[in-house]
Amino acid sequence: MTTTDTRPTTTRPATEYLDPKLNSKIPEGPIERKWERHKFEMKLVSPTNRRRYTIIVVGSGLAGASAAATLGEAGYNVKCYSYHDSPRRAHSIAAQGGINAAKNYRNDGDSVFRLFYDTVKGGDFRSREANVYRLAEVSTAIIDQCVAQGVPFAREYSGYLDNRSFGGAQVARTFYARGQTGQQLLLGAYQALSRQIGLGQVKMFSRTEMLDLVVVDGRARGIVTRDMVTGKIESHIADAVVLATGGYSNVFYLSTNAKACNTTAIWRAHRRGAFFGNPCFTQIHPTCIPISGDHQSKLTLMSESLRNDGRVWVPKTPGDKRPPSSIPEDERDYYLERRYPSYGNLAPRDISSRAAKQVCDEGRGVGPGGLGVYLDFSDAIKRLGKKVIEERYGNLFEMYERITGENPYETPMRIYPAVHYTMGGLWVDYNLMSTIPGLFVIGEANFSDHGANRLGASALMQGLADGYFILPYTIADYLASTKLQKVDATHVAFRETEAEVADRTRRLLDTKGTRTVDMFHRELGKIMWDYCGMARNEAGLKHALDLIPDLRERFWREVKVPGEGNDINQELEKAGRVADFMELAELMCIDALHRDESCGGHFREEHQTEDGEAERDDENFSYVAAWEFTGLGTKPVLHREPLIFEYVKPAVRSYK
Ligand SMILES: Cc1cc2nc3c(=O)[nH]c(=O)nc-3n(C[C@H](O)[C@H](O)[C@H](O)COP(=O)(O)OP(=O)(O)OC[C@H]3O[C@@H](n4cnc5c(N)ncnc54)[C@H](O)[C@@H]3O)c2cc1C
């Protein structure tokens, strides 16, 4: 039984924060009717008129591919862009564990309301209720859509789709395809996209990187791209622009994200007027392979699904260096089961990560450097047999063995928290539109539904909800209600933006300094991890805010980018992305410093309970922080969107 502390927390009247520049456009009415009613009230574009509109979709991961395919199917002209050589290479392919949906196939008490409740609570009451409810509501349709596409979800003997559990839930609602759920879902979205490409309804621009957004008369009307093979810088025009460009965890240099993931698209849009929501909200995932040395450029996730059967423990005694098999049962501390008996090893990610850090800080960590905890499958293998464990997690075990040289069927895995996901992103209203009219942001690129901590298996759900089921309605409403003037690439806004992109590219090549892009990126990542990582405090954040502008200045003076601009040049691509990370990093620290409370993954050391849990301050911080860019080196302006909780009352979050 969950023990939720229902002590009332005082909340300031929402009107105190009302900001004329932020209108979340949440529809009226009871929460379970809002989306249905909104869908009816929104304007439509008739089928014959859709071919008159062109929509740019940047990104072809789960969010972008599902949006582009659906808009193409509906009859719009779609232009879809990706820096990958194929949509199938998007980072979404890496998602292992699963996707949530409130189908209640297990009959274990799940419902749309429970998924909504778990997600709001999991996000530590820092997300918008109406959005989260809609997400839970459309979750069931996603599974039907994917099954119809032939996504090979795991099944039980009865033929029903199988489910497992993820953190922060006491029901089994996670649909999965072994440890390759993202890959299988992406193949489904990709085949739908390919069909539209074949029909000529979607034009796919692979190996094409968006380097800026073009705003005409206050509306998003296009993008400027660089062809990554020829170096050609070009403008592309549309009636609306959708960014589906993923998350920015790589600001930390080391993360579980694919190496190419970056912030450029959303950061450039931010500089053009799109507010950035909760930039400091970062997820640190508890189940990653520990860092093995300075040479490393990437970290590897071990899916949270493993915690369904794996038990997390460390030795009870600090400094105990015996191999795990020599440590008797009564000298082991199964600290998650001990501290959070209701959820045990499936406590949410923020809480499990902090607990791992605490035991390592006490000197009880295992493996080289003492930064690791055990994830042990021996009980599960005894109970279920090796074959069942192999069926459930075989590819993950194989991956672990290849990287570490240790066989997890025989010896416990060693895991440690690592940066994994960014809950922050461009601020969007209920219609997924940013503060620049005509600029929509979907998937991990927006700040939307996860508050201060994302529950496992809910990113795939959100990306596909946005792309298949929400954006296609809301973008139609925008197009049908907006009179757009005709523009072409000779418009001054396009010419100026193109010139700025060309100039920036030239500057990077002309600097001809002595230090590689990676050197700067690694240095930035260390600052971010040390001062804006798993634990943050005022002094550290202020220190980071001294270091980052200095590093940025040195970057532009000393960076060495070999090669030319009119050719394939991966160093040049990296340099542009790291330059943007340098600016974003500063905003993240400003945001983390201003949010003088702990919530979810944002752990300010000054605000914790005696046993090290995060202490929220609802009175002063129950809002989304949406930052407005005012120029580099100038303080950004903070806008607040008040968070009003009518259905899930903010309470002290407990998983005990
Ligand atoms: C290792 C790992 C495992 C995960 N497992 C799960 C899981 O089991 N369940 C779950 O729910 N979530 C999981 N997640 C999170 C989830 O995978 C991501 O949040 C989600 O896939 C993001 O999808 P997206 O479509 O928003 O972005 P992405 O898949 O990152 O796609 C971004 C797209 O944008 C393009 N792009 C970006 N910038 C530009 C630019 N400037 N110009 C042109 N193109 C650009 C890229 O080419 C790509 O096509 C996992 C994450 C990681 C790192």
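The chain contains 16 helices and 19 strands. Its radius of gyration is 24 Å, close to the 26 Å that the globule rule gives for 656 residues, so the chain is as compact as a globular protein of that length. Along the principal axes, the C-alpha atoms fill a box of roughly 75 × 60 × 50 Å. Of the 656 residues, 54% are buried. Contacts with a separation of 6 or more were also examined; residues 24 or more positions apart account for 74% of them.

The average pLDDT of the chain is 94. A score of at least 70 is reached by 97% of the residues. Residues 1-15 have a pLDDT below 50. This stretch still has 25 contacts in the model beyond near neighbours in sequence. Where pLDDT is low, the predicted coordinates should not be read in detail.

The domain assignment gives two entries: domain 1 spans residues 285-419, and domain 2 spans residues 492-623. Their C-alpha centres lie 31 Å apart. The contact between them takes six residues from domain 1 and five residues from domain 2. On the domain 1 side, helix α8 (residues 349-361) gives the most, with five residues. By class, this side of domain 1 has one nonpolar, two polar and three charged residues.

Glycine 363 lies in the loop between α8 and β14 (373-376). Helix α8 is also the element that gives five residues to the side of domain 1 touching domain 2. Glycine 363 has 13 other C-beta atoms within 10 Å; a buried residue would need 20 or more and an exposed one 12 or fewer, so glycine 363 is partly exposed. Glycine 363 touches Pro318, Gly319 and Gly370, leaving aside residues up to four places away in sequence. Glycine 319 is 44 residues away along the chain, yet the C-alpha atoms of glycine 363 and glycine 319 are separated by 5.9 Å.

The other two positions concern backbone geometry. Most residues other than glycine have a negative phi. Phenylalanine 125 has a positive phi, near 60 degrees. Phenylalanine 125 sits in the loop between α3 (112-122) and α4 (129-149). With 24 other C-beta atoms within 10 Å, phenylalanine 125 is buried.

Alanine 457 also has a positive phi, of about 70 degrees, although it is not a glycine. Alanine 457 is placed in the loop between β17 (439-441) and α11.

How values were computed: Residues are numbered from 1 along each chain as its sequence is written. This is a predicted model: local features need pLDDT of at least 70, side-chain atom pairs count only at pLDDT 80 or more; totals for chains, interfaces and linings use all residues. Helices (H or I, at least four residues) and strands (E, at least two) are DSSP runs, numbered from the N terminus. The radius of gyration is taken over C-alpha atoms; the globule rule is 2.2 Å times the number of residues to the power 0.38. Two residues are in contact if their C-beta atoms, placed from the backbone, lie within 7 Å. pLDDT is the predictor's confidence in each residue, from 0 to 100. Domain bounds come from an automatic or database domain assignment. Ala, Val, Leu, Ile, Met, Phe, Trp, Tyr, Cys and Pro count as nonpolar, Asp, Glu, Lys and Arg as charged, and the others, Gly among them, as polar.
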